[in-house]
Amino acid sequence: MPAFCPAPPVMSELSAPAALSVSELNALAKNLLEQHLFGLWIAGEVSNLTKAASGHYYFSLKDQQAQVRCTLFKYAAQRLTAPLKEGDHIELSGRITLYEARGEFQINVSDVRHKGLGQLFEAYERLKQRLQAEGLFDPAKKRPLPAHPQCIGIVTSLAAAALRDVVSTLRRRAPAIPVVVYPTAVQGAGSEFQVAAAIEAAARHGAADVLIVCRGGGSIEDLWAFNEEAAVRAVAASPIPIVSGVGHETDFTLTDFAADLRAPTPTAAAELVSPNRLELINRLAHIRRQQQQMLLRRYADAAQKLDWAAQRLRHPRQQIQEQHIWLQNCRNQLQQAARRHWQGRQEKLAYLANVHLLHRPAVEPTRQQLIRQQQLLKHQFATLLQQRLARLQEQQALLSALSPQHILARGYSVVSDRHGKVVRDAHRLRPGQMLHIRFAHGETEARVAPQAAGQADLFD
């Protein structure tokens with residue numbers, strides 16, 4: 001930080017420098033702050049927290065005596081492991097500056113960490129979120145452990161107490177399974193790369209069916225090699241199923257999430273990968289008892305079936321005789337059934353014949369009556385025909401007497417106008433009018449002549 005400058009000597013108004021504008025003063029203060037106050041971490045409590053629609057955060061960082069305004073822009077807020085909350089105790093760093101428009105002293109925040117958790121936990125959370133977004137911790141990628149491994153690999157330090165715990169557990173539970181140790185440093189600078197190299201060496205060796213990556217408990221710094229990206233990616237990429245047994249039950253490392261199975265302790269990891277010899281022996285004994293009981297049941301069933309079959313076994317001649325008797329019985333039953341059926345049909349036919357005779361109608365009287373009715377009908381029809389012919393002749397004679405043709409034959413004629421209307425009154429005729437005259441034989445046209453003056457009285 002720059003030292004405070006002493007107060008300038010008193011000058012006369014004539015020799016005083018020109019006054020600064022407010023914007024010039026704010027720009028000068030901003031440059032001094034940004035050039036001399038950088039790389040600092042400031043601790044305090046979040047107060048007056050506001051999140052804008054743009055995604056930026058605005059808040060004050062305060063302690064018991066003072067406060068400072070802070071701005072956390074959206075691009076920096078997206079890197080937070082957890083969203084800010086009112087009252088959070090945090091540590092932050094950023095560009096200490098002055099907002100010139102209002103002359104306000106503020107911090108443009110670039111990094112935030114929760115106070116008390118430390119930088120390691122912040123790095124842990126950031127890497128966890130990034131690897132989880134890549135899918136390294138996807139439960140669908142977890143592989144089942146082999147039920148009966150042929151060889152078990154251990155990735156740990158040769159000096160670690162965890163190795164002794166794992167080996168003693170494996171000897172007790174499954175002494176027949178060979179164990180291969182892939183030594184590596186489990187803490188210190190660069191140890192994460194050694195862990196990754198040991199896992200890759202186990203994959204190249206190809207002897208182990210399952211790997212145990214383990215070490216004993218310790219602080220977060222002691223376990224940090226198993227939170228480094230190189231070790232976590234090696235665990236996730238291993239072609240051999242891995243059980244992570246790092247630290248105590250309350251310790252969680254990123255290799256726990258990347259492994260196919262997490263064990264709370266190294267001893268628990270050894271128990272998870274190895275079958276229990278005593279359990280296998282007990283299980284084999286149980287299976288043996290089950291097999292014996294099953295064989296005894298099958299023997300008893302087979303013996304009963306054999307006895308039953310022996311009782312039913314007979315000589316073929318006896319079976320043929322029984323079948324011959326059965327066929328003879330069937331033939332007798334068929335003959336008796338056919339005889340009973342024929343007799344029943346005969347009795348039914350005789351009954352129907354008697355019923356027919358009793359209910360046959362008397363046809364002869366009805367036939368005689370029908371003949372008489374036919375003769376009577378024929379006589380009445382001939383009489384009616386003669387009467388109708390006589391009446392027809394009378395009508396023809398009357399019609400002939402009244403026929404207009406007979407009237408015309410006596411010298412009469414029928415006069416009609418051009419419309420076919422019969423002329424009955426000569427006074428209705430006009431001179432020059434065309435008329436149609438019909439005679440008994442033939443027809444002709446005529447025109448009405450004008451009347452002579454001296455003959456007018458002839459037609460009055």
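Modeller: Helix H4 (residues 161–173) and H8 have axes that come within 8 Å and cross at roughly 30 degrees. This is a predicted model, where local features need pLDDT of at least 70, side-chain atom pairs count only at pLDDT 80 or more, and totals for chains, interfaces and linings use all residues. Residues are numbered from 1 along each chain as its sequence is written, and side-chain values use heavy atoms, with hydrogens and water left out.

Biologist: Why is H4 called roughly parallel to H8?

Modeller: Angles under 35 degrees count as roughly parallel, and the crossing is at roughly 30 degrees, so H4 is roughly parallel to H8. The angles run from 0 to 180 degrees between N-to-C directions, with axes fitted to C-alpha atoms over the stretch in contact.

Biologist: Which residues of H4 and H8 meet?

Modeller: Contact means heavy atoms within 4.5 Å. Among the residues that meet are Leu 170 and Arg 173 in H4, and Ala 270 and Val 273 in H8.

Biologist: And Ser 274, what makes this residue count as buried?

Modeller: Buried means under 20% relative accessible area (1.4 Å probe, protein chains only). Ser 274 has 4% relative accessibility, so Ser 274 counts as buried.

Biologist: Where is Ser 274, and what does Ser 274 touch?

Modeller: Ser 274 is in the loop between helix H8 (266–273) and helix H9 (277–312). Not counting residues up to four places away in sequence, Ser 274 touches Ile 152, Leu 170, Arg 173 and Ala 174. A polar atom of the Ser 274 side chain also lies 2.6 Å from the backbone oxygen of Ala 270.

Key:
Helices (H or I, at least four residues) and strands (E, at least two) are DSSP runs, numbered from the N terminus. Buried means under 20% relative accessible area, exposed over 50%, partly exposed in between (1.4 Å probe, protein chains only). A polar contact is a pair of N or O atoms within 3.5 Å; within protein, one must be able to donate a hydrogen and the other to accept it, and residues adjacent in sequence count only if both atoms are side-chain atoms. Angles under 35 degrees count as roughly parallel, over 145 as roughly antiparallel, 65 to 115 as roughly perpendicular and the rest as oblique.
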